[in-house]
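Subject: Structure handover and findings

Hello,

Here is the structure for your files. My notes follow below it.

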Amino acid sequence: QVHLVESGGGLVQAGGSLRLSCEASGRTYNNVAVGWFRQAPEKAREFIGLITWNDGSTYYADSVSGRFTISRNSAKNTVYLQMNSLKPEDTAVYYCAASHSVIPISAHEYNYWGQGTQVTVSS
């Protein structure tokens with residue numbers, strides 16, 4: 001019921017910044033949470049953080065606290081992931097996903113996924 005498209009990935013130098021976008025469309029926006037995940041080659045998909053559509057509350061994984069910020073623009077049906085102070089270990093494919101759970105922090109709680117966008121951080 002929810003469709004997601006990520007954009008904004010690319011190549012950046014360590015210490016740089018990048019903003020990813022996730023454009024959403026579909027039904028039942030009021031009870032949807034949008035999360036960000038990343039997956040490096042041969043690594044498990046890692047939770048980054050989420051934002052609830054109802055009130056815009058956010059939750060972040062400890063690994064990115066203080067560097068990444070999630071926000072939303074309701075009028076544009078878009079969620080953003082602002083990434084600052086990027087490190088080479090941040091290199092991964094970044095995904096946004098939608099869930100009908102209240103505070104979903106596990107991948108299995110998400111029902112819909114975008115196609116992913118590559119972020120590469122050079123040292």
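First, a definition: a salt bridge is a side-chain nitrogen of Lys or Arg within 4 Å of a carboxyl oxygen of Asp or Glu. Two notes on the source come next. This is a predicted model, so local features need pLDDT of at least 70 and side-chain atom pairs count only at pLDDT 80 or more, while totals for chains, interfaces and linings use all residues. Residues are numbered from 1 along each chain as its sequence is written, and side-chain values use heavy atoms, with hydrogens and water left out.

**Salt bridges**

How many salt bridges does the rule give? The count is three.

Take Arg38 and Asp90. They form a salt bridge, with the closest N and O atoms 2.8 Å apart. Arg38 lies in strand S4 (residues 33–39), and Asp90 sits in the loop between strand S8 (78–83) and strand S9 (92–99), so the pair ties together parts that are 52 residues apart in sequence. Strands, like helices, are DSSP runs numbered from the N terminus: a strand is E with at least two residues, a helix is H or I with at least four.

Are Arg38 and Asp90 buried or exposed? Both are buried. Buried means under 20% relative accessible area, exposed means over 50%, and partly exposed is in between (1.4 Å probe, protein chains only). The relative accessible area is 7% for Arg38 and 0% for Asp90.

Asp90 has another partner. The side chains of Arg67 and Asp90 meet in a salt bridge, at 2.8 Å from N to O. This pair links distant parts of the chain: Arg67 is in the loop between strand S6 (58–60) and strand S7 (68–73), Asp90 is in the loop between S8 and S9, and they are 23 residues apart. Arg67 counts as buried, at 12% relative accessibility.

Arg38 also bridges to Glu46. Here the closest N and O atoms are 2.9 Å apart. Glu46 is partly exposed, at 29% relative accessibility.

**Around Arg38**

Which side chain makes a polar contact with the side chain of Arg38? Tyr94 does, at 3.1 Å. A polar contact is a pair of N or O atoms within 3.5 Å; within protein, one must be able to donate a hydrogen and the other to accept it, and residues adjacent in sequence count only if both atoms are side-chain atoms.

Leaving aside residues within four places in sequence, its contacts (heavy atoms within 4.5 Å) include Ala44, Ile48, Ser63, Val64, Phe68 and Val93.

Thr117 lies in strand S11 (residues 117–122). It counts as buried, at 11% relative accessibility. Its side chain reaches the backbone nitrogen of Gly9 at 3.1 Å. Not counting residues up to four places away in sequence, Thr117 touches Glu6, Ser7, Gly8, Gly9, Leu20, Ala92, Val93 and Tyr94.

Glu23 is in strand S3 (residues 18–26). Glu23 and Val5 are 18 residues apart in sequence, and their C-alpha atoms are 5.3 Å apart in space. Beyond four places in sequence, Glu23 is in contact with residues including His3, Leu4, Lys76, Asn77 and Thr78.

**Surface patch**

Tyr59, Val102, Ile103 and Ile105 make a nonpolar surface patch of about 380 Å². Patch residues have over 30% relative accessible area and no salt bridge; like charges are joined within 9 Å, and nonpolar side chains (Val, Leu, Ile, Met, Phe, Trp, Tyr) within 5 Å. Ile105 lies in the loop between S9 and strand S10 (112–113). At 40% relative accessibility, Ile105 is partly exposed.

**Whole chain**

The chain has zero helices and eleven strands. Of its 123 residues, 41% count as buried. A compact globule with 123 residues would have a radius of gyration near 14 Å; the chain has 13 Å, which agrees. That radius is taken over C-alpha atoms, and the globule rule is 2.2 Å times the number of residues to the power 0.38. The C-alpha atoms fill a box of roughly 40 × 30 × 25 Å along the principal axes.

Among contacts between residues at least 6 apart in sequence, 56% join residues at least 24 apart. The accessible surface comes to about 6,200 Å², and 48% of that belongs to carbon and sulfur atoms. Areas come from the Shrake-Rupley method with a 1.4 Å probe; for residues, only the protein chains shown count as cover.

Best regards
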